[in-house]
Amino acid sequence: MSKTMEPDLHEPSAISRPGNPREEWKHPSDHWMRGFILDNRAALGTLAVFVVMMTVFMIANPTVFTTWYLYRSVLTTLPVALFVVVPLVFVVTCGEIDLSFPATMGFASWVFALVVQAGYDPFLGIAAAIATGTLLGFLVGSLVVYGGLSSLIATLGMNFLLRGLIQIINEGRSTALTSLADSWAYKIFSSQLYGIPVQIFWAIGFVVLSALLYNRHRFGAQVKVVGDNPDSAQQMGIDVKRVRVKVFVFVGIGAAIAGTFSVMINFTWWPTAGDGYLLPVLASVFVGGTPTWGGVGTVVGGAIGAVTVSFIQTGVVAAGLSGFYVQFFNGLIIILSLLGHKWNQARYR
Amino acid sequence: MAERLIELRDISKSYGQVYALGGVNLSVDRGEVVGLIGDNGAGKSTLIKILSGVVKPTSGEILIRGQPVTGWSAARSRDAGIETVFQDRALAVQQTIVRNIFMGRELTGFFGWLKVNKEIEEASRLMREIGFTSKVFTPQSIVGQLSGGERQGVAIARAIYKQADLIILDEPTTALSLTETAKVFHFVRQVRASGRSILFIGHNIHHVFDIADRFVVLDRGKVALTADRSQVKSAEDLINFMEDVAHPGGLPGLRDAGDPEQRAR
């Protein structure tokens with residue numbers, strides 16, 4: 001074999017050198033920070049977008065943006081979005097989409113409202129809501145996966161169908177749940193701790209747990225592989241259909257928690273509960289840096305995306321612009337983020 | 001004589017009236033690289049599918065380590081330690097090397113949490129075993145950043161992790177440059193050195209000649225030639241022979257070597 005054909009590889013003599021693999025493979029230019037930045041470039045990019053946006057807002061109106069009230073209002077509504085944004089990152093990574101979560105939010109929180117109204121403990125209501133969410137997620141997932149339907153269209157259909165059911169039965173009537181205020185469940189899930197809405201702590205816990213699930217658990221590993229190359233995953237013995245159904249179930253659970261939280265904020269269940277979340281939540285996932293093609297994504301990025309999106313509306317108004325500018329800035333942030341992520345992350349084939 | 005890993009005796013496969021394979025004899029010994037050469041339509045793919053248990057032969061006998069097997073299936077093939085590496089679609093290219101090696105059989109602790117350090121350790125061991133080491137990547141590099149030859153290395157490392165005794169490489173060097181081909185050869189030699197066997201399928205005769213210990217030429221569903229490396233002087237010999245098969249009239253000396261039973265003596 002001529003010299004030019006020698007492969008650029010170490011000689012097998014390296015075999016007899018055991019030791020810490022992290023040391024063994026160390027690259028001279030490897031610094032932990034470099035690795036950290038490369039591994040989290042999408043999330044860090046999203047964070048940069050958020051920081052720039054907030055800086056612009058603060059320069060525009062320093063007084064409003066240093067008052068705690070503004071942040072408290074965002075911190076109350078943000079958790080609701082986080083509980084659906086994070087599971088949606090899993091769905092998009094898996095190569096699917098779920099547009100049925102607003103109706104699942106409405107349906108599960110309706111069950112919660114019914115249980116509480118019937119005089120049972122709100123904890124029981126929460127359990128019932130989560131069970132409903134799981135069931136609906138399984139239903140939607142099975143329809144898409146075993147029915148072999150396009151998840152984009154099928155989940156859109158399910159969204160209308162479930163919302164329609166709610167509307168038919170309730171005929172537009174809302175349910176007031178004034179008894180909630182005295183309950184333990186309210187204190188634990190919806191009160192304030194040192195002036196900070198307690199929901200945000202639960203949401204942060206959920207994001208952290210999900211990020212671990214995504215990066216350090218078999219579920220996350222299989223979701224990514226299935227989204228990346230389903231044929232290969234199948235060949236390697238992964239039950240691809242089962243994994244796909246599981247991500248929809250995860251969205252169902254997240255939507256149930258989100259719906260319940262939104263009811264607990266308002267002490268009222270409306271038949272439209274969850275409706276307004278469809279587009280902001282979807283935008284958050286993609287602003288967060290999860291690409292549409294599947295296989296990769298970032299849970300933390302998605303969470304920062306949700307923070308960004310929820311600050312746009314408050315920010316635009318607080319910065320002194322009229323409400324008419326909100327839509328424009330929503331779009332601007334989405335487009336700029338997408339351009340940034342396109343430049344920031346390469347797609348491997 | 002080394003241990004005989006797998007032996008196919010008089011394997012035929014017909015799809016209706018069409019014969020894909022008509023009485024093929026093929027054997028692979030432990031620690032041997034067998035090169036399977038054949039033109040398109042010679043029956044290579046059918047033979048691979050039979051070996052991996054996806055397709056059942058119409059007639060014939062399969063022996064694993066000398067024992068005849070009944071009820072041959074994909075599961076039986078896997079249990080027997082046969083692993084097929086396809087050139088494309090085998091890897092999830094946006095994932096790390098580690099994730100590809102452990103795809104579908106993640107190393108997990110309680111409750112399904114990944115043993116990340118254990119996986120990296122194990123992946124390093126596997127990669128070292130096939131000489132798949134480099135200064136420019138680590139087990140946590142993304143497969144999409146690797147070259148074509150290196151990707152084959154990931155697939156081979158994965159096959160070894162699955163306890164494969166016989167790795168079938170389906171056209172591993174097609175569409176690869178010389179340097180990349182050299183890398184794949186490097187892995188194949190390391191695998192052989194570890195006592196595993198390889199069935200190397202290709203239609204680039206030069207590639208097969210460079211790497212194989214034994215050559216099997218398939219032609220229209222039959223074994224046209226089985227030859228040890230010592231019996232073939234150069235790749236040109238093989239090419240001449242294959243031309244001869246296509247257009248009959250030469251090289252009688254080689255054709256005598258066609259019977260595997262004779263060769264074994």
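View 1. Helix α1 (residues 44-51) of chain B lies across β1 and β2 of chain B, running at about 60 degrees to β2(B). Contact means that C-beta atoms, placed from the backbone, lie within 7 Å; axes are lines fitted to C-alpha atoms, for helices over the stretch in contact, and angles run from 0 to 180 degrees between N-to-C directions. Helices (H or I, at least four residues) and strands (E, at least two) are DSSP runs, numbered from the N terminus. This is a predicted model, in which local features need pLDDT of at least 70, side-chain atom pairs count only at pLDDT 80 or more, and totals for chains, interfaces and linings use all residues. Residues are numbered from 1 along each chain as its sequence is written, while chains are lettered from A and ligands numbered from 1 in the order in which they are written.

**View 2. The sheet of chain B.** Four strands form an open sheet in the order β2-β1-β4-β5 (chain B), with antiparallel pairing; two strands pair if DSSP finds at least two bridges between them. At the edges stand β2 (18-29) and β5 (67-68) of chain B, each with a single partner strand, so one side of each has no neighbour in the sheet.

**View 3. Strands β1 and β4 of chain B.** The antiparallel strands β1 (residues 4-15) and β4 (residues 59-64) of chain B are joined by 5 bridges. E7(B) has L63(B), in β4(B), as its bridge partner.

**View 4. Chain A.** This chain contains 16 helices and 4 strands. Its C-alpha trace spans about 80 × 50 × 35 Å along the principal axes of chain A.

Note on methods:
Two residues are in contact if their C-beta atoms, placed from the backbone, lie within 7 Å.
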